[in-house]
Amino acid sequence: MGEGKQGAMVVEMPNSNNQNPIVQLQNKFKELEIGFKGWLSKQSIPVEAAVVTATSGLQGAAIGGFMGTLTQDVSSSMPIPPAGANLNPQAMASFQQAQALAGGPLVQARNFAVMTGVNAGISCVLKRIRGKEDVQSSMAAAFGSGALFSLVSGMGGPNPVPNALTSGIFFALVQGGLFELGRKFSQPPAEDTHYVRTRSLLSSLGLQNYEKNFKKGLLTDTTLPLLTDSALRDVRIPPGPRLLILDHIQRDPELRKKRG
């Protein structure tokens, strides 16, 4: 008997703490993230905006630095105009824009930090003030990040302010379009009001996979009290689930009353 108990203990011990280390790390990170967001939501608007801007800017800088390593070869191969070259303003502006888009890691880290940091900071402030996050707030944040990106990166050329406004408007329009597109595709499909009670019944029995059978046979909520074994068989529901459905209907006081 002693050996049997020891054997049982050996079998049970691995199950007591057999969680994947990666899952444990993910759970720990999620706990820290939830705690950080909870702390941040209790801070004043300036503190929250500063923290959000800084953390988002650091993330953007990391992404920009990585992207800069990919474009470094392009920027190094660009011809540099001679010091005494008499270039027209339009050509010089085009050259500066190309340099801004194809800069090295430090340049791209700066550009991406400005874009992501300013966007996140403005979004944070507007969300706290307005109490919601909508397309107007998203476009306003994108306008600010686009305008500052144009000024910091040097893409504005000889007319920095008009070009900054143009870049801001362009960023805002793109961000607004993406926001509306994402909201459209993220909305759940409209619930079919004819199968609300049926869906609830099937879900409570773990038979939600048979909802399509009910719809094919036009067995709506109004037909629930009238269901028979033959009707369920006609829509190709197996015997076991048929018994569970009919038993549930029989036990339901409201459905049993309608059934008479």
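**Exercise 1. Burial and a salt bridge**

Arg 242 has a relative accessible area of 10%. Is Arg 242 buried or exposed, and with which residue does Arg 242 form a salt bridge?

*Solution.* 
The model is predicted: local features need pLDDT of at least 70 and side-chain atom pairs pLDDT 80 or more, while totals for chains, interfaces and linings use all residues. Residues are numbered from 1 along each chain as its sequence is written, and side-chain values use heavy atoms, with hydrogens and water left out.

Step 1. Buried means under 20% relative accessible area, exposed means over 50%, and partly exposed lies in between (1.4 Å probe, protein chains only). Arg 242 is therefore buried.

Step 2. A salt bridge is a side-chain nitrogen of Lys or Arg within 4 Å of a carboxyl oxygen of Asp or Glu. Arg 242 forms one with Asp 229, where the closest N and O atoms are 2.9 Å apart.

Step 3. The pair links distant parts of the chain, 13 residues apart: Arg 242 is in helix α11 (residues 239–251) and Asp 229 in helix α10 (residues 229–234). Helices here are DSSP runs (H or I, at least four residues), as strands are (E, at least two), numbered from the N terminus.

Step 4. Elsewhere, salt bridges with shared partners join Arg 130, Lys 132 and Asp 134 into one network.

**Exercise 2. The chain as a whole**

Find how many helices and strands the chain has, and what share of its residues is buried.

*Solution.* 
Step 1. The secondary structure amounts to twelve helices and zero strands.

Step 2. Of the 260 residues in the chain, 28% are buried.

**Exercise 3. Further salt bridges**

How many salt bridges does the count come to? Describe the pair Glu 33 and Lys 37, then the pair Glu 211 and Arg 199.

*Solution.* 
Step 1. The count comes to 13 salt bridges. As a general point, side chains of opposite charge can pair when their charged atoms come close.

Step 2. Glu 33 and Lys 37 meet through their side chains at 3.5 Å, N to O. They are four residues apart in helix α2 (residues 21–41), so about one helical turn separates them.

Step 3. Glu 33 is partly exposed, at 34% relative accessible area, and Lys 37 is exposed, at 52%.

Step 4. In the salt bridge of Glu 211 with Arg 199, the closest N and O atoms are 2.8 Å apart. Glu 211 lies in helix α9 (residues 211–216) and Arg 199 in helix α8 (residues 196–204), so this pair ties together parts that are twelve residues apart in sequence.

Step 5. Glu 211 is buried, with a relative accessibility of 14%.

**Exercise 4. Exposed residues in loops**

Where do Leu 218 and Arg 236 lie, and what is the phi of Leu 218 and of Arg 236?

*Solution.* 
Step 1. Leu 218 lies in the loop between α9 and α10. Its phi is positive, about 55 degrees, although Leu 218 is not a glycine. Leu 218 is exposed, at 62% relative accessible area.

Step 2. Arg 236 is found in the loop between α10 and α11. Phi of Arg 236 is near 65 degrees, a positive value in a residue other than glycine. Arg 236 is exposed, at 72% relative accessibility.
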